[in-house]
Amino acid sequence: MGKISWSRLTFLLMLIFVLALAACGNGDSSEEETTEESTEESDTATEETEESTEESDESADGESESAETEPKVTDFEPAFEEQTRAPEVETEAELDVEVVAEGLGVPWGMVEFDTNRLLVTQRDSAELLIVNLEDGSVSDPIEGTPEVNSEDQGGLLDVTVAPDFDESRTVFMTFSQDIEGGTVTAVGKGMLSEDETALEDFEVIFQATPAYEGTLHYGGRIIFDDDGNLFLTTGERSDDPIRERAQDLDAYLGKVIHITPDGEPVESNPFIEDEDALDGIYSYGHRNIQGVDFHPETGDLWIVEFGPQAGDELNIIEAGNNYGWPVVSYGIEYSGELINEGVSEHEAQGFVEPRYYWDPTSAPSGMSFYDNDAISEWENNLFIGGLAPNYIVRVVIEDDTIVGEERLLTDEGERFRDILVTEDGALIASTDGGKIYRITEADEGSE
Ligand SMILES: [Ca+2]
């Protein structure tokens, strides 16, 4: 081999330096987010060519094409035909898509606490802000938010307000908290001061124990039911073997939890008579539940859980049910290995089948049913944020079956984190890029 000239050597060293810097830029990412981000990059690179070359075989025999155009990553077959890759649907109304606020951090959770005004969490800085949808203004951080562990997927997570907020001013938040032994998903509450600058008397009301030395899979969504109690979702803390605790009734990991506004188990909970089970557990066998909402017509509690590589699931939650993770899954490990022994069928193994799953991943995050008729064709549809691929998923449901899927805002290049529907029917989406979008039907004649 000949000698390398100094100029070439200098060039190579600089190249290595630049590459190292680029790698550090993504350094805070977890396993999952790293996977998501690399997926995201390869997706955008291949999207155009794949869209033009694929799908012709499926449409040839008269079947509707699915919204999913990427190949499956697993060999699993669905338990029933409508369980995955639903036919593509398209919104007919012309939409008005507007960025109402930008420059935020990661707005992980949002709630409309007052007409067209949102309380918004900032995951990493643990700030709580008020965003006004009418003028796009963003408040100073509200004082009195809790200390969080903001590594990886942790931070200040979801926010909601008490059903009697107008009188009580009570705000509920979830966050990842450092306690002895590691971190937990915690729920706390405080009172928003009249001048909206501070959360007063903030207190932790629930901790999803056991603590674990990890910073992934906190779950962390909360929602009030009609009886004024809270459903909290958790994650199974990701690593093998702690994730197996999703199957254990003496751990709050990988669960849907049902508690009162004081953090006590609800008396009608399914395992309250079981001395070996934790009283707050409502359902179990979940991976990392990132979205939750009640179906506007049936009143059923729906959740979306982030799968491993593929196998993200939509589930209807019923008391006492076991949803199978990590014994069964429609996904595989990020390494490509099978999970457990590669069994996907839930029901045959004694678990509840998901109503729907994605293969490849839709990287689901926050979700909301469209409980409004401002855009009439969207009524009772479900909208889910997609982190990577970067889109909002619209799901059309008939009799608990997914009959259509659409991907919205695919060209924005944003990781969609949380979704809500305002009282006046606007679809609001927050993104990891620090934006808040408002999507409405375009005014007639505005074109
Ligand atoms: Ca499952």
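Start at the largest pocket, whose lining splits into 23 nonpolar, 6 polar and 13 charged residues (nonpolar is Ala, Val, Leu, Ile, Met, Phe, Trp, Tyr, Cys and Pro; charged is Asp, Glu, Lys and Arg; polar is the others, Gly among them). Before clicking further, note that this is a predicted model, where local features need pLDDT of at least 70, side-chain atom pairs count only at pLDDT 80 or more, and totals for chains, interfaces and linings use all residues. Numbering runs from 1 along each chain as its sequence is written, and side-chain values use heavy atoms, with hydrogens and water left out.

**Stop 1: the largest pocket.** This pocket holds about 1,200 Å³ of space. Select Val111, Thr160, Ile223, Asp293 and Asp371: of the 42 lining residues, these are the closest to its centre. Next, colour β2 (110-114), β5 (156-161), α4 (165-168), β9 (222-224), β13 (289-294), β17 (364-369) and β21, the elements that each give two or more residues to the lining. β2 gives the most, with 5 residues. Helices (H or I, at least four residues) and strands (E, at least two) are DSSP runs numbered from the N terminus. A pocket here is an open set of points on a 1 Å grid over the protein atoms alone, with protein on both sides within 12 Å along at least five of seven lines; a cavity is a set where a 1.4 Å probe fits but cannot get out, and lining residues have an atom within 4 Å of a point. Points are joined across faces, edges and corners, and volume is the space filled by probe spheres set on them.

**Stop 2: a cavity.** The whole structure has 2 cavities of 30 Å³ or more.

**Stop 3: Glu414.** Go to the loop between β20 (401-408) and β21 (416-421) and pick Glu414. Buried or exposed? Glu414 is buried, at 8% relative accessible area (buried is under 20%, exposed over 50%, partly exposed in between, with a 1.4 Å probe and protein chains only). Show its contacts (heavy atoms within 4.5 Å): leaving out residues up to four places away in sequence, Glu414 touches Gly386, Asn390, Tyr391, Thr431, Gly433, Lys435 and Tyr437.

**Last stop: zoom out.** The chain has 4 helices and 23 strands, and 55% of its 447 residues are buried.
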